[in-house]
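Keep the 3D view open and follow along.

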Amino acid sequence: MKQFFTRYPIAVFILLLSACNKDFIEQNVLTPTLNPTINDANGGNWVPIHLSTASEITVLPPIAKTAPDYTAQINEIKGWQKNMSDDDRKLVKYWSAGGVLRWNEIMRELVAKYNLPPVQDVSGTYPIPNANNPLAYPFFPFSNPPYAARAYAYVSAAQYDALVAAYHYKTVYKREAPYLADLNINVLVSKSSLYSYPSEDAAVIGASVELLKLLFPGEQAYIQKKAEEHRRARLIAGANVRDEMEAGEALGRAVALKYVQRARTDRTGAALGITNGVDIWKELETGAIQKGETPWISQDSPRRPPMLPYFGRVRPFLFDELTVVTKIRPPAPPSVKSEAFKKELEEVLYFSQNPTRERVKIVHRWGDGVGTYTPPGHWNAIAAEHMIPLNLSEIRWARNLALLNMSLMDAAIVCWDAKYTYYNPRPSQVDPKIKTHTGLPNFPAYTSGHSTFSGAAATILAHLIPEKANLFNDMALEASMSRIYGAIHYRSDCEVGLEMGKKVGNYAIQRAQNDGAN
Amino acid sequence: MFLKIKQAYQQKPIAFCRKIKLIIYLFLGSSVPLSAQTDIDAIMMGKNLFCAGVMYSGSNWNEYWEGTLKRENLNLGTVSTNMIGPMGSLGISSKLNLIFNLPYVKTNASAGQLKGFKGVQDLSLWLKWKAVKKQIGKGTMSLFTIGGYSLPASDYVADYLPLSVGLGSRNISLRGMADYQRGVWTATVSGTYVRRSNIEIDRPSYYTTEMHYSNKVYMPDAAQFNLRMGYRGKEWVLEAVADNWTTLGGFDITRNNMPFPSNKMNMTKMGLSMKYEPAYIKGLTLIGGANTTVAGRNVGKSTGIQAGLFYIFNFSEKTPEKTQNR
């Protein structure tokens, strides 16, 4: 044996190399073709979120099947199918998993890419990303958790409304699928029993593309590329003819424009806390001091302005602004001078100084910090993972994700309201012995964002997928605890955050019970 | 006197521990798997000799390359890495040595809130084979083949750069090395290919230049070049060392982002390496070294020192009259 190794080291090396193939398959590639158990053909009767009615936006009737132009469109499909490449097949396979799911994944990717706090300039001040100049550093947006939660919510809600409208017009116009009109067309996705005008996939494209222009203005090229692939996949698959795609996309865009209007007036623009060049950051600090409390101070170096101090005033989806203050805002956290506080601080110090591998694993599993899709993105990933096996219709996918993401956005609002109402310090500010096991977020502690997001998400997901209720609640608890293990939150931040999140989730359940989808 | 030393070297199956010069790859403060490398010089242990001891190395940096941009980070301050651990080399024969190394690593950032990590890093094993030894002109040329394997010796966290204790991959490496010695002057050059396994991290997805839905991370392979020249005397060895590590793939840290294990980490280091084997204490070897990073990408601009204390044990039947320099 020794001789073998000494004489043939190169042979041994090659043998070892070949023994360890480094390819692996990522989870989202394996998603099967969407093949709904129930087609939810009555989706046109479900209650839209921001549209007044399903027919608020007009969709003109399609041309007749007998029209020459329709035949031309059928022939277009045949042309595509005749010259299909392997890349085309891959494209069809990829998009067949469902437009709502794939656009949700694209969103998560964009959020992760843009979730980077700007670096300070030479004078030590932090530049503010500019929506009108998104490609110049600092890139717009900085998709931190509140920004991300809102982005997911707008896109999901718009997709849902666009689909309600699309399903409505499907039953109005009763255009049958191209493969029923011409039996020579191959269908490369599962056959749908829905009418096909306007295309539900195109409605999702239109809604997504239009909103992403607003939310990720620097990514137009990438977004348009994805949209083009999606369109192409539907045509090649023989699932839709071109006018079904065009009508669907126009409908989706029109719905999205209503959401764009809402977004421009939902007060996110003021969330930075700067009006006419004057910021409120000092005001928040003196406010806490006047109450006799220790104010939060940024521990970034140089000190960074607090993240979106007025995000708590953004207009929620599931309830009104007054509800944020009167029904959900929690009582004040334990005073820094209190015994209760000292006990909580001791616990954080303990977790800071005594990490175990198991706890560190939990901290990192739920870290969702800089450069990630954020906690709202993580809950979208969890929702997707558990919805895939359920074989849901496209509109039910959209509805469930809209409920989830409205909960997450409203969770961000109520959580940020609490953070900037109380403006309390992080544990490591009060006790410098406390070092953290994950990045320290640059905003006050109470309540924990992870906990509020997770409480809201688990509550609505438990309602939508009741057989997994315990699993979701356990996950939420673990995500919440991960912030104490990470030594960046007190226990009360987490416990109260979870409770607030549950309250938000319950509003989503109320909506879910009355949206006509049950 | 030089002649005498020269003869001593030319005759040998050399028997000493005088080698262990350390090149520690401090990647943004943590270190890459190959650490203490007794495997990268041209010196062999004689048959049945076992050289064992303790290696220490420390390094720190307060600037790093974010992609190709050199910057400081006030939220990290100075990142330091300290390693200590057993290291040894066994002469299976005068031409075949087995070398091992197992460092314990502790990291720290002087500013910001992040807590450093500590733990046992990777167990590294090398088989070093002196394949050819030939007189060329007035000097001696030797050719070596070195095969290495390393794997994490504890369940440490790799995805916590720059403060993780290691990168978590299992590595197979193959090195070709040529050494030329003329009198007391030597030059050694080597090239290494490092095959790195994928790693698993604690989160279910991550972003590189695109989104990945997996806890597995593809680790690009790496190449290393090393050149060392200097004086190789009876009691002292003193060499200047240049070393380059290039990751064959990987991606750049984006602006103000965190580093990631599969970044394209490149670095060029210059340093000095010395070894002292006092004549009056048989078998004792002291080693030391220092190096600094002169160029890099996605790594810290680190400066480090190394020190080690070793002793040679003789397991042969013969009386251990002489362990080295026979």
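This is a predicted model: local features need pLDDT of at least 70, side-chain atom pairs count only at pLDDT 80 or more; totals for chains, interfaces and linings use all residues.

From H18(A), the residues A:His450, A:Ser451, A:Ser454, A:Gly455, A:Ala457, A:Ala458, A:Leu461 and A:Ala462 face a partner set in H19(A): A:Ala469, A:Phe472, A:Asn473, A:Met475, A:Ala476, A:Ala479, A:Ser480, A:Ser482 and A:Arg483. Sorted by class, that contact has nine nonpolar, seven polar and one charged residues. The axes of the two helices sit 9 Å apart, at an angle of about 180°. Since angles over 145 degrees count as roughly antiparallel, H18(A) and H19(A) are therefore roughly antiparallel to each other.

On the H15(A) side you'll find A:Pro376, A:Trp379, A:Asn380, A:Ala383 and A:Met387, and they meet A:Trp397, A:Asn400, A:Leu401, A:Leu404 and A:Leu408 of H16(A).

| Helix pair | Axis distance | Axis angle |
|---|---|---|
| H18(A) (449-464) and H19(A) (469-485) | 9 Å | about 180° |

Now for some backbone details. A:Tyr137 and A:Pro138 are joined by a cis peptide bond, with omega at about 0°; A:Pro138 sits in the loop between H5 and H6 of chain A. There's also a cis bond between A:Tyr446 and A:Thr447, again with omega at about 0°. A:Thr447 belongs to the loop that runs between H17 (427-430) and H18 (449-464) of chain A. Then there's A:Asn276, a residue other than glycine with a positive phi, near 50°. Look for A:Asn276 in the loop between strands E1 (274-275) and E2 (278-279) of chain A.

Zooming out, chain A has 20 helices and two strands. Its radius of gyration is 25 Å, close to the 24 Å that the globule rule gives for 518 residues, so chain A is as compact as a globular protein of that length. Along its principal axes, the C-alpha trace of chain A spans about 80 × 80 × 50 Å.

How is chain A divided into domains? The assignment gives domain 1 (2-264) and domain 2 (275-512). Their centres, taken over C-alpha atoms, are 30 Å apart. Domain 1 puts 40 residues into the contact and domain 2 puts in 37. On the domain 1 side, H5 and H6 (145-173) are the elements that give two or more residues, and the largest share, 13 residues, comes from H6(A). That side divides into 22 nonpolar, 14 polar and four charged residues.

Finally, the other chain. How many residues of chain A are in contact with chain B? There are 43, and they meet 35 residues of chain B. H1 (2-7), H2 (9-19), H5 (99-114) and H14 (357-365) of chain A each supply at least two residues of the side that touches chain B. By class, that side of chain A has 19 nonpolar, 13 polar and 11 charged residues.

How values were computed: Residues are numbered from 1 along each chain as its sequence is written. Chains are lettered from A and ligands numbered from 1 in the order in which they are written. Two residues are in contact if their C-beta atoms, placed from the backbone, lie within 7 Å. Helices (H or I, at least four residues) and strands (E, at least two) are DSSP runs, numbered from the N terminus. Ala, Val, Leu, Ile, Met, Phe, Trp, Tyr, Cys and Pro count as nonpolar, Asp, Glu, Lys and Arg as charged, and the others, Gly among them, as polar. Domain bounds come from an automatic or database domain assignment. The radius of gyration is taken over C-alpha atoms; the globule rule is 2.2 Å times the number of residues to the power 0.38. Axes are lines fitted to C-alpha atoms, for helices over the stretch in contact, and angles run from 0 to 180 degrees between N-to-C directions. Angles under 35 degrees count as roughly parallel, over 145 as roughly antiparallel, 65 to 115 as roughly perpendicular and the rest as oblique.
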